[in-house]
Structure formats: C-alpha cells, structure tokens
Amino acid sequence: MGCSFYQLGLLQKNFSVIKRIIDDIKSQERLIRLYNILGYTYRIIGCIREAIECYEKSEEVLGKLDVKQTKISILFNTGLCKLELWEIEAAEDCFNSVCSLAEQNSNLDDYMTYSQCCLALIKSRSGSGEDAFHLAEVAFSAMSSSTRVTLWGIGHSLVSLCLTYKNLGNIKKSFELCQRAIFHAEENNFTQIKAKAISSLAELFREQGEFTRAIFYHSQAIEILDKIGAKSDLAEAYYQLALTHKKMGEIEQSRESFVQAVALFNEMQAPRQVEKVQTAMEYFEK
C-alpha cells in the first residue's frame, strides 16, 4: 500500500499510516521497508534531510541483517536525495557504488540500470557527452531486457534518458522517450512520473522554439506537482518555466518563476539548488 500511495501521488496517506504504526513494528525487515517507503515519500515532498535520516535509520537496522538488495536500495535512494539537493559529486559516488555492488550479483541488475540512467543524466549535464551516451545506450538496452526492472523504475528511467538525450542534442530520440514515459505513466497511474515527463516535454518544445506549447506543458506539470505536493519536482518545474520565459524575452515573468523556484528550494534546505537558480538569474539579467 505504501508504494501504491506514493506512485498514485497520495503522499500524505503514507505519513498518516506509517507514523501510526512504525514504533510498534518488531520485524526488522518490515521496519526497513517502512523506513524506505517513508524516506521515498519525504524525498518527493521535498523534505530531503528527513528522507536521508530515514535511510540512515534503515542502515542501522540493516547492520543486524545481511540483505544485499536492501543495502543497494538504500544506497540508490540516498543518491537520489543527493541529486535533489544538487550535491552532484555525492550523488555520483552513490550511483557508482550501486553499480559496483550490482556487478557482483546479477540479481541486482535492476539497480544497475536505474543508476546508469542517473549517471548518464549527470554526465550529460557536465559535458561528458561520450560517457553519457554510452551509459544511456547500455541502460536503455538493459531496461528492455531485464525482468527485475519495475514499472515504476521504467517510468523514472525513461524520464532520465529523455533529458539525457536532450542534453546530448538528440531531440528526436528525446521526444520519443518522453512520449513513451507519458504513456507509461498514464497506463500505470503514476502521477509524479507523468508530471515530470510533461515538464520534460515542455523543455523539448522550448528547445524547438515552440514557446506556446512549452508554456502550456509547463503549466500542466506545475498544476499536477503542486496538487500532489511534490516540492522538489515543482521547484525544478518553475525553474524550467523561468528559462522558457527568458528565452521568449519575457523578463518579468521569468524573474517571477525564478523567485518561486528559489523559495521552494529554500524550503527544502537545498543551498546548491538555490545557487544554481540564482546563477541563472544573474546570468540572464546581465
């Protein structure tokens, strides 16, 4: 039920249910699973520090067990938290560690795929185009063949790959993956993934100079993310909207959206994200 709640965007349900029972759970394995679900939910609503605390508590309990899949899950999700905070080096370390662990056990190839998608996106942003392309191709192939990759994992991986190919300049491939991500999310009622994919679609239309369509999809993504309370994705969506307004020459609207993004990232206690937005604002206002 916990997984279903966050996949459907019913985030507050997880808090109301899990917090009521977690102190009474005796099974260590079930306790870890509940902390992981709680951590994932905290991350979506932008409470990244609380999410990391949940994963740290999971690790404390895990120290008494030997469950490799749970260990790799905690490591991967910690990497996602670091990515949300824009602590890129720490995120990259987590994802590389996941890949190293997964290489030792073929039953963990799903986490290898998820991490490769994240690493491809990171490298596509840092200018390591060749490495990003190689990782994206390997991950996409594995995602299509692995029996352990989940439907939720496929959705998020498609969005990451879509943005990776956009950064690499392959707009056609990016559009294909984006449309596939939206269809996949609608088919499985994955609200958050659908909104992230729609926001990505807006970025693609901006790249092509189709600003009216870009603004339409930005607005649609923001409406969904605001409704489900996905603060981190909402902040990024406002940031992307600001970039679109700037490219249109609408400086005042751009500044308003930048300010919205900064406010949300400040609420998340994500100083590097704030710095990213402020740097963009300063650059555009020169």
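Is Arg148 buried, partly exposed or exposed? Arg148 is partly exposed, with a relative accessible area of 33%; here buried means under 20%, exposed over 50%, and partly exposed in between (1.4 Å probe, protein chains only).

1. A word on the model. This is a predicted model, where local features need pLDDT of at least 70, side-chain atom pairs count only at pLDDT 80 or more, and totals for chains, interfaces and linings use all residues. Residues are numbered from 1 along each chain as its sequence is written, and side-chain values use heavy atoms, with hydrogens and water left out.

2. The partner of Arg148. Its side chain meets that of Asp109 in a salt bridge (2.9 Å, N to O); the term means a side-chain nitrogen of Lys or Arg within 4 Å of a carboxyl oxygen of Asp or Glu. Arg148 sits in the loop between α8 (129-145) and α9 (151-167), and Asp109 in helix α7 (residues 109-126), so the pair ties together parts 39 residues apart in sequence. Helices are DSSP runs (H or I, at least four residues), numbered from the N terminus. Asp109 is partly exposed too, at 25%.

3. A second link. Lys173 forms a salt bridge with Glu137, with the closest N and O atoms 3.7 Å apart. Lys173 belongs to helix α10 (residues 171-188) and Glu137 to helix α8, so to speak distant parts of the chain, 36 residues apart.

4. The wider picture. The whole structure holds 14 salt bridges, and Arg49, Lys82 and Glu87 are linked in a network of them. The protein chain has 15 helices and zero strands, and buried residues make up 53% of its 286 residues.

How values were computed
Helix = DSSP H or I, 4+ residues; strand = E, 2+ residues; numbered from the N terminus.
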